[in-house]
Amino acid sequence: MGKTLYEKIWEAHTITEGHDGQTLLHVARHLVHDGSVHAFEFLQDRGLKVRRPDQIFATPDHGVSTRSHVMEAIGDPEQKRVVQLLDRNTRKFGIVHFALDDPRQGIVHVVGPEQGITQPGIVLVCGDSHTSTHGALGALAFGAGASEITHVLATQTTWQGRSKTMRIAVDGKLPFGVTAKDVILAIIAKVGANGASGYVIEYAGATIRAMSIEERLTVCNMSIEAGARAGMVAPDETTYAYLKGRPYAPKGAAWDRALAYWKTLPSDADAKFDAEVVLDAAQLAPMVTWGNSPEDASPVTGKVPDPKSETDPERRSYLQRTLEYMGLAPGMALTDIAVDQVFIGSCTNARLEDLRAAAEVAKRGRAKVPVLVSPGSTQVKLAAEKEGLDRIFRDAGFEWRESGCSMCVGMNGDLVPAGKRCASTSNRNFAGRQGKGSRTHLLSPAMAAAAALTGRITDVRKL
Amino acid sequence: MQPFVVLEGVAAPLDKSKVDTDQILPARFLRRPRKEGYGQFLFRDWMDDPQFVLNQAPYREARILVADRNFGGGSSREQAPWALSDYGIRCVIAADFGDIFYFNSLKTGVLPVALPAEICSDFRKSLHQKPGATMKVDLPAQTVTGPDGAAYKFEIDAFRKKCLLEGLDDIGITLQHEAAIAAFEAKYRQRFDWLFHGNV
């Protein structure tokens with residue numbers, strides 16, 4: 001029987017099988033950020049060293065100020081402490097660090113692919129749940145907590161149990177106004193917020209094949225919001241074209257050797273998946289979330305659900321408390337929801353194509369509410385400025401900032417105040433995610449820009 | 001890691017599904033040094049509500065939490081199980097767990113027990129009827145005994161079970177494989193040499 005992409009990468013990284021079904025996997029690439037501070041502390045408390053510093057890459061993202069990338073701009077002493085510690089730890093252990101003032105700095109999940117650090121057929125680990133992003137290049141990439149990260153720093157390995165495999169096939173042409181963000185929100189709505197728990201997802205089908213790498217990164221990024229261990233797309237010509245010439249991508253004869261390996265990776269035609277999900281892209285509309293779970297996504301033409309029409313008591317109780325938290329009335333049209341502010345950024349939707357899509361809409365009007373645009377990396381920022389996107393945003397009254405995780409998680413002080421409502425291109429609409437009491441609606445960059453121009457959730461197709 | 005063998009203690013019912021990691025431990029506390037403790041930040045944004053279960057006298061001493069579906073989805077923050085453990089909760093029973101939270105808990109000495117949603121629901125009902133009732137979690141036998149005395153079997157990976165029982169952390173175990181790791185790395189660096197070129 002044929003093998004899946006996941007199985008091929010698994011086998012290429014298996015050091016030893018043992019411990020009752022657990023496999024010791026080699027970690028080819030490890031990405032660290034300011035949040036990895038606890039792992040470095042644990043490592044040093046135990047008197048251990050970083051085993052393979054040349055396989056680790058670092059950049060600060062969660063706590064960095066988007067107002068300025070000088071260290072003094074970080075107002076919160078706890079955030080400043082960990083950004084400074086990242087600098088100290090990477091120097092101490094000889095780890096490549098794209099520091100705050102480095103033009104290669106950015107959100108770790110934007111920087112990895114951008115620099116060619118993320119490559120097909122590797123195991124990649126990072127202390128952040130959105131590590132699933134890197135699967136877009138055909139890598140097996142997953143997030144882990146501080147103890148596991150300590151383990152990876154010390155041993156360059158991880159103990160893993162074999163996941164089940166799920167193939168999600170998306171076919172059909174994406175209708176006008178429907179983007180990769182809408183595809184993944186529709187997938188999560190269908191599969192459920194923990195529906196892919198225990199699985200590694202492979203996204204397949206003509207719609208995924210037709211996507212650019214940036215679009216695939218958006219799709220894979222939110223695999224974790226369906227509960228999956230990882231999400232991946234088999235490498236193809238689009239992948240190779242994207243990687244060629246990037247700083248850490250192989251060059252010359254090494255490129256040919258790499259390419260020969262990459263071409264062996266796609267799942268075999270007779271490979272078997274434990275679960276199959278099918279989605280018709282042609283039926284999709286721009287999506288928006290109304291609740292506190294990414295699965296609470298609906299076409300923008302839809303309505304806020306009514307708890308009274310729910311028969312399942314757990315579901316009814318969830319809807320009641322969610323609508324109360326979100327300040328929404330049952331049955332109201334999603335396009336009647338007024339927003340107080342807009343965030344365009346995050347590892348989900350802050351790459352160049354995302355900013356272009358938002359700028360295309362921003363051109364057509366002026367913001368009615370405050371809008372914060374934070375590019376996914378300093379490289380994205382520079383490229384966007386070269387194209388004049390910053391000017392389009394500024395002319396529309398959008399605020400153009402530096403790169404970082406920013407308002408997606410609100411750790412750097414970019415917050416949504418309690419009771420305020422934010423249309424956001426990020427990945428989580430959890431209660432309090434963007435600040436205590438904040439209300440988040442997830443949507444695509446174009447939809448976010450449309451909401452900015454009208455001050456409410458808006459069907460970008462009708463703008 | 002603190003070993004986990006048998007735990008008997010007060011159990012608190014948490015009647016909410018989809019309790020994500022941002023509820024368990026909000027992001028604004030993530031950068032506190034580990035040694036300063038995280039117990040005071042557990043469910044921080046719910047603790048202002050006097051009706052919240054852990055604010056009610058009989059449940060304040062809870063060692064076990066009984067939740068609903070999809071507990072711990074979201075972030076990879078190990079601080080979520082640290083907050084539970086530092087508060088005194090060493091076991092969470094739920095219908096299913098966020099994948100990363102589940103493994104982070106095991107590494108923190110907090111036992112996540114997955115049982116069918118109906119059983120979790122029955123436990124919570126009993127705990128409401130008998131506030132302050134205790135439950136028992138027996139890791140060697142892999143059983144949970146509810147407030148009514150009925151026992152249920154649960155599943156756990158044998159490797160993680162052993163680590164919990166003995167309080168082992170896996171770095172020590174892994175380092176015993178040093179020879180295999182070194183041999184693998186040498187081969188890997190040869191086969192995938194292009195991964196090691198441009199790292200300047």
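Start where the two chains meet: select the contact, which draws 59 residues from chain A and 50 residues from chain B. Keep in mind as you look around that this is a predicted model.

Now colour the chain A side by element. Those giving two or more residues to the side that touches chain B are strands S1 (14–18), S2 (22–26) and S8 (157–161) of chain A, together with helices H2 (37–45), H3 (77–93), H5 (146–155), H10 (253–262) and H11 (313–326) of chain A. Which element gives the most to this side of chain A? Pick H5(A), which supplies seven residues. Switch to colouring by residue type, and the chain A side of the contact divides into 22 nonpolar, 25 polar and 12 charged residues.

Next, turn to a sheet in chain A. Select S11, S10, S9 and S12 in that order: these four strands of chain A form an open sheet with parallel pairing. At its edges you will find S11 (230–232) and S12 (275–280) of chain A; each has a single partner strand, so one side of each is left without a neighbour in the sheet.

Zoom in on S9 (residues 164–171) of chain A, which pairs with S12(A) in the parallel sense over six bridges. Show Val170(A) here, and opposite this residue you will find Leu279(A) in S12(A).

How values were computed:
Residues are numbered from 1 along each chain as its sequence is written. Chains are lettered from A and ligands numbered from 1 in the order in which they are written. This is a predicted model: local features need pLDDT of at least 70, side-chain atom pairs count only at pLDDT 80 or more; totals for chains, interfaces and linings use all residues. Two residues are in contact if their C-beta atoms, placed from the backbone, lie within 7 Å. Ala, Val, Leu, Ile, Met, Phe, Trp, Tyr, Cys and Pro count as nonpolar, Asp, Glu, Lys and Arg as charged, and the others, Gly among them, as polar. Two strands pair if DSSP finds at least two bridges between them.
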